[in-house]
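Dear colleague,

I am passing on the structure we spoke about, together with a short account of what was found in it. Please look it over alongside the notes below.

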Amino acid sequence: MRVNGVDLSEIAELFGTPTYVIDLDRVKENYLRLDKAIKCPHVIAYAYKANHEPELVKLLAKLGSGATVPSAFGVILARISGVPPEKTVLVGPSPSRGDLIEAMDFGAIISIESHSQANALRSIGRANVMVRVNPGVGAGAYPGLVTGGKRSKFGLPPEEALSLFNSLKKDMRALGFHTHIGSQIFSTDPFRAALDVIKGLAERVGGVEIVDLGGGLGVPYSNESPFPLEEYAELVCERVREMGTKLFLETGRYIVADAGYLLSRVNYVKEVGGEKWLLIDAGMNDLIRPALYGARHEIICEGEGRERVLVAGPVCESSDFFGEYELPKLKEGDLIAFKNAGAYGFSMASRYNLRPLPAVVGIEGGRFRLLRPREDFCRAVFG
Ligand code: LLP
């Protein structure tokens, strides 16, 4: 099993498993493809929550990327990675006072989602702000990924967003409107609907400097078609030109998902009730997407033949289950790799079941290096 010229078994031997592998060249390629496709003034403020590996965000900053961060630590990471404040956006429905202070100190743009959040900010000082709109449309692969539409904690309905924007103009640098309707979206229709709402608002306030359309670009995990990038780019740029504004995108998954793999070994093969289980050394604590959303991550591995197996991890919960797969015949000690693990993989990992956070290895130019060691007992247990 090779990724970008590197034999994954060498990585597994040197650093053990479970281990995340991230192909930094692929990250670069994904970023540049997106950046090139968008032919109007824009900032790609990469969403750190997808994968905040410091080397990765530094690499993106060198390519000119901005940062969308969910917390004070995200602001600090963007700052030390060389992201300028005017390309940094703090977004979240419930930021702490500390989050707001850190973002304001740096000069980042803060997306405001409620009147009370605006008041909290006023008590600190004057900031660069956007207002987050819930345009009444949402989309996403799983219910948990939809962040627009009815009964949502995110943003404000258009009329309220408008009145908040007008009130913010008095004591803040009110730059524009923001929305993020969901994640893992493949159709441009919901983006068009959201942009139309924002365009209406922008016209009513006499124009804005920034329109931030959030992230959400879908990535094929199994047999979905690729995201219609050209169509999306044309749509957003057409609207942005009509508005005479600058576009911000907060893309996360599209830039990192297919650059990442989770390497794991088969601990045990078990046959019960006529079914074969592969019990592997990676668990839901390492990659929670299958357990949390029912998401599927395809597996690559080497071997002869073909058989149906159930793949599960070491955590004492039935939901620590990756799915049913048709794979070559594997035995104990064999290596597998989950694909598309670069987004919301390590960043959602936990220490559940007293398991250490896994190691992370980066690949660049046909070579690999350790980016983050596996946690030891003291770090994992005592913090
Ligand atoms: N901007 C905001 C305000 C967001 O909340 C998110 C993701 C993004 C940008 C990036 O969206 P992307 O381009 O990656 O779709 N844990 C889930 C995904 C949750 C996304 C949360 N927000 C998963 O594993 O699929």
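**Helix packing and domain contact**

The crossing of helices α7 and α8 is right-handed. As a caution before going further, please keep in mind that this is a predicted model. The two helices involved are α7, which covers residues 158-171, and α8, which covers residues 189-204, and their axes come within 11 Å of each other while crossing at roughly 35°. On the α7 side the residues that take part are Pro158, Ala161 and Leu162, and these meet Val197, Leu201 and Arg204 of α8.

Turning to the chain as a whole, the domain assignment gives domain 1 as 2-21 + 258-376, and domain 2 as 24-256. The centres of domain 1 and domain 2, taken over C-alpha atoms, are separated by 31 Å. Where the two domains touch, 23 residues of domain 1 are in contact with 19 residues of domain 2. On the domain 1 side of that contact, the strands β18 (359-364) and β19 (367-372) each supply at least two residues, and β18 gives the most, with 4 residues. The residues on the side of domain 1 that touches domain 2 divide into 9 nonpolar, 9 polar and 5 charged.

With best regards

Definitions and conventions. Residues numbered from 1 in each chain as written. Predicted model: local features only at pLDDT ≥ 70, side-chain atom pairs only at ≥ 80, totals over all residues. Axes fitted to C-alpha atoms, helices over the stretch in contact; angles between N-to-C directions. Left-handed = near helix turned anticlockwise from the far one by under 90°. Contact = placed C-beta atoms within 7 Å. Domains from an automatic or database assignment. Nonpolar A, V, L, I, M, F, W, Y, C, P; charged D, E, K, R; others polar.
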